[in-house]
Amino acid sequence: MSEITIRKRSLEDAVVTQRKFFKKTAKGKIIKVIRERYLRDDIGCGILHCRECSATSSPPPCLPPDGALDHQQFPTGHFVLPDTNVFLSQMDLMESHLFRTPIVLLQTVLEEVRHRSLPLYNRLKALVKMEDKQTWVFYNEFRSETAIVRNEGETPNDRNDRGIRKATAWYNTHLSMTRPPIRGKQQKLLPVVVLLTDDVANRQNAEKEGMPSVSIRQYVEGMKDASQLADLLSAERDESIEATVASRRPQLYPDYLPNATVLTGIKAGHLHQGHYNANEFNYLEGSVSVPAFAKPVLLVGRENMNRAVHGDIVAVEVFNKTDWKAPADEVIDQEVALKNDDVEDSDEEGEPLGLVAEEQRILREEESARQAAERQPTGRVVGIVKRNWRAYVCHIDRTSLTSSSKTSISQQTVFATPVSRLLPRIRMRTRQAPSLLGQKILVTIDRWDSASRYPEGHFVRALGRVESKEAEQESLLLEFDVPYRPFGKAILDCLPPEGEQWTVPLKGDDSPEWRDREDLRDLTICSIDPPGCQDIDDALHARKLLNGNIEAGVHIADVSHFVSPENPMDTEAASRGTTVYLVDKRIDMLPALLGTNLCSLRPYVERLAFSVIWELSPEAEIVNVRFTKSVIKSKSAFTYEEAQLRKDDPNLHDELSEGIRLLNHIAIKLKAGRIAAGALNLASPEVKIHMESAESSDPIDVEQKQLHETNSLVEEFMLLANISVARKIQETFPQTAVLRRHMPPPPENFERLQDILRKRKGLALDVSSSGALAASLDKCIDPSEPAFNTLVRIMATRCMLSAEYFCSGSVSPDTFKHYGLASPIYTHFTSPIRRYADILAHRQLAAAIGHSTLHPTLHSKQHVERVLSVVNRRHRMAQMAGRASVEFYVGLAVKARGEKTARVVEEALVIRTFRNGLNVFVSSLGIEGLIRFKRDIDFDAENYSVTVDDVRIAVFDKVTVRIEVEQDKNTQRGKVKMTLTSPVDSSALQ
Amino acid sequence: MSRPRGPTRLSKPYPGSRIEILNDASLRSEGRRPTELRAPTFEVVPGGADSADGSASASMGLTSVRVEVFGPREGRSRAQTLHDRASVNVEVVWVAFGEAGRRRRGRGDRRVAELTSSLRDTFQPAILTALYPRAQIDIHVHILAHDGALLSTCINATSLALLSAGVPMRDLVAAVTAGVHGSTVLCDLTALEEADMPSATVAVLPRSGKVALVGMETRLHVERFGEMFDVARRAAGVLCAEMRAVARGRAREILDAMDSGPAVLREGENDSGAVMVEE
């Protein structure tokens, strides 16, 4: 147990021991603060086997008795004692594993670093703890011999320099005192403690006082690994930059124009309104798509982005054409570029000049590299039409913390780094910062003043530990704004009261279920779905007719029977818009009772359905089509694979197998017809995640999804049903039919891809029509690289617009076309359990065939538009959430695989080159990754290539990469990190 | 000087936000070890202001308090007199310069009111009030400077002032403030440290080991409390020895001045305070 003592000091030494300074409160009052200081003699020098200090020192000493012996200038052994500026400007050097000299780190230095920059201070603390370094913190301000008092008229800097010199002198005397010459033995030459400083005046003073001092450059030159270490030296600071005390906080961003001016400006056409999109590769660049220009308006630099946050609707002013710029081709990572930014500095001292300078340097450098040819409209944000701020999932930035003691309850200002790379860091104040470290938290932005570099926000709640599945899942759902709360009572009350016991009643004229319904229970209907599918919303049948034609039917779950318009369940479904599929969780649009039971077309039970039945000629031409509500009884539920096996088994001649063969026969013809009409075969990276077991849900591996012939069978019939339904409802309700379209992409979108293909592979991409594009995509083949075609398809897909739902009365009929499917009209009808648009289509179709009357809301164009805009947004979000979930699990799988085999090495194709990196696509895992080079490499923008160590790497080149999952130190974000292993090993460059 | 200078640090959003409470070599921000107390000064001043019967001043580091004791004397107001014992009145005055920013704290101030009631509750049972029925003991506390551990300094000063006024007590009350930082217990907190960590003030009657007061305004896990409490109690014992020595020194002065008194005391063999009433 620790002994309790009283630290006594006499009143006389109060002058030495007290520290006096003034500070200003938030209100501007000046307060005199006096702090005590207790001087002691038990502060150890940290040198092993020191006669005087070893016994008293805690923690145990770590410096070797003779210091480092490998420096040319100091053959007798030495220790370095760096001053503050060494750490402020040469931290990379000090952190290098090649810098192995034992370091004496003074408290004065440590504290000055802490005052100047918290992030650097945290790096310094990490350096002290590094295993392969010998660093001793000497608390010189507390040791009686080395403590000093500021003299009258002395600046704090001079005082600290004097303190550093005094400590150096003390060390050197201490060394000689504790190693007196032993009689009869040759006096061993003593090691020295060398003052390391770039400050000329300080060195001169040191010389006067007779202690060794040396500049960093000089010192490094005498070291063993001088050539490598010299690279790490940062350029000398521009000494003319002198920070001045700002009387007020300087304004960092221009003020917004008044609202009225903005609105009239937009009306008059000299301002443009649009959604602000941040650039995920470069935090100093964003863009706004406006109708007036084909290309989005580029915003370069903080000031022009003027506090816009991804998703805001902003008003932009476009510059003169001479000031237009090309988008950057460099990766600029906020966390890396601004890792030394200080939370509090940015608060009240306005602007640490170094950072502004740094950012401007980045921009300038980059600017010179921008290509003149690719100029696009450039402008600046002059006003915000609507902020779309919400709660963001963030992590606390560890380096911004002043105190990380768990028990600390002091209020701290910290950076919250959003998970999404599109968002700026958020400054927030919290008393619980230490306990929030390593957690996912929800933070909202409150305001962003023109004098504040970062937006200010506040903590909402903690989601849980980073990388715990619950937290990651919830954060995903929140990040993509997916409503995931359980269904409320009012909603569940809309379900049939029988619950799970509900069945189709016996056939009779009086039961409402059987009204106007066809009895198709005798048909040989089956469903084909992915394995483990619970919400079966479609089933199929086909049979030969006597006249030689073929009857084929698609039966869709009759969800609209259970979900009546405008009841709570319907409203909820409309606001959810779609079911969201995450890797290990499904967030239903409709309560599970409907989705997985009553509406699910399970085998061997009677279910209500909405059927589309065609009479097709053997050549798959539609002779006749009819729509009817029906009752069906599926004969079997197959997986794609089972259906495939059944079809391929020549011994099977039962009705089901024949039906599948017949369906397949037609599907092939339908597909051929579609392709001929110009449908695109697009690709997106799809992978499947293997779970270890159903319970643990720990992914163990990833493989690419396999596609069977039967996948395409089902797809063809669904397309056919959707197209037929679309025609029917458009005919009946030309004003309000719920349709889906895919706008043809503007040809400019393809320019870059075309250029890359031409230059790299000599291939041409014809984008004049979807058919031409499909044909030229088919020709993009590299016989040696099968993945190449897929990659081109993925890249082409990214150039396209996304498909959207629309109300037929809202747009002109010649824009109904679905580009990707090459269909003149299209809707979604076949998955009402998981998509709300399909429910609307069902209702419209039911009205169109006279089964029921159309609910008045579906006669209103505005209402349909409103519902569809929500559905469109939800749909987009659901896709992104699904993808992000896959990404997260791929990350876990890579980690799991890495643990087994030590490292994961995969082949990858380059899809984009940057001035300081590569973007690669790993097709086996379906992920993309960024490879960054810290050192500058040769970048050839014209030819889309970079040259690293004399090896040229260009877009579409095959490389091998090592994939690791590493936890970002600051954000705790699990990040897939890729390094190049061939043709060049890039690990040294990073 | 070629060092690029940052702006002079005049202002900071939170005072001391850049102070490390306990560094890696387990030194606190002013160079103390966790369980070292600040340099205390205790002074027993005879007479003191006006007609006080006893007065004393105490300081822990930069926290400084002066206390005057009046009485036991006849109760001024009839309503407050108790027929079987003396009533204890405490009045706390926080001088304007006693805190950074010259903040005026009147009688209605929450902290002043809390200090007042804490002091009364501590001393009412410690003083042998039953010896003076219908009398009144007035304790006037002046806070001259505040740098943490305020309540404990007030208690210590009051103890000595009562001693100097010759008010009979069960024991000298001594108090120490302790806090928990991480898993380390720190003794005698400064204002900076108090703002950062959960802390408690523990006042004890060292000879009987009885606890007169435990005051805690922050939340703390119950498992941490035991250790913190124990350290504070032991520290109070250490401090009490210091206070006794001062009291004895003062007594010796008086006796020397009178050139009389029991020889035992002069030789300093008696361990207890000079004017203590033995139980």
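Guide: In chain B, 54% of the 279 residues count as buried, where buried means under 20% relative accessible area, exposed means over 50% and partly exposed lies in between, with a 1.4 Å probe and protein chains only. This is a predicted model, in which local features need pLDDT of at least 70 and side-chain atom pairs pLDDT 80 or more, while totals for chains, interfaces and linings use all residues. Residues are numbered from 1 along each chain as its sequence is written, chains are lettered from A and ligands numbered from 1 in the order in which they are written, and side-chain values use heavy atoms, without hydrogens or water.

Of the contacts in chain B with a separation of 6 or more, 66% are between residues 24 or more positions apart, a contact being heavy atoms within 4.5 Å. The accessible surface of chain B is about 11800 Å², and carbon and sulfur atoms hold 50% of it. Such areas come from the Shrake-Rupley method with a 1.4 Å probe, and for residues only the protein chains shown count as cover.

B:T201 lies in strand 9, residues 199-205, and counts as buried because its relative accessibility is 8%. Its side chain makes a polar contact of 3.1 Å with the side chain of B:T177. A polar contact is a pair of N or O atoms within 3.5 Å; within protein, one must be able to donate a hydrogen and the other to accept it, and residues adjacent in sequence count only if both atoms are side-chain atoms. Beyond four places in sequence, the contacts of B:T201 include B:L151, B:A175 and B:V214.

Chain A has 28 helices and 39 strands, and 55% of its 990 residues are buried. Its accessible surface comes to about 44200 Å², with 51% belonging to carbon and sulfur atoms.

The part for a close look is a pair of helices in chain A. Two packed helices are described by the angle and the distance between their axes. Helix 23 (residues 709-732) and helix 27 (residues 836-848) of chain A have axes that come within 9 Å and cross at roughly 65°. Axes are lines fitted to C-alpha atoms, for helices over the stretch in contact, and angles run from 0 to 180 degrees between N-to-C directions. The crossing of helix 23 and helix 27 of chain A is left-handed: the near helix is turned anticlockwise from the far one by less than a right angle, whereas clockwise would be right-handed. Helix 23 of chain A contributes A:V725, A:K728, A:I729 and A:T732 to the contact, and helix 27 of chain A contributes A:A841, A:Q844, A:L845 and A:A848. These residues divide into five nonpolar, two polar and one charged, with Ala, Val, Leu, Ile, Met, Phe, Trp, Tyr, Cys and Pro taken as nonpolar, Asp, Glu, Lys and Arg as charged, and the others, Gly among them, as polar.

Within helix 27 of chain A is A:L845, which is buried because its relative accessible area is 0%. Leaving aside neighbours within four places in sequence, A:L845 touches A:V725, A:K728 and A:I729, and also A:F610, A:F627 and A:F829. A:F829 is 16 residues from A:L845 in sequence, and their C-alpha atoms are 9.3 Å apart.

Notes: Helices (H or I, at least four residues) and strands (E, at least two) are DSSP runs, numbered from the N terminus.
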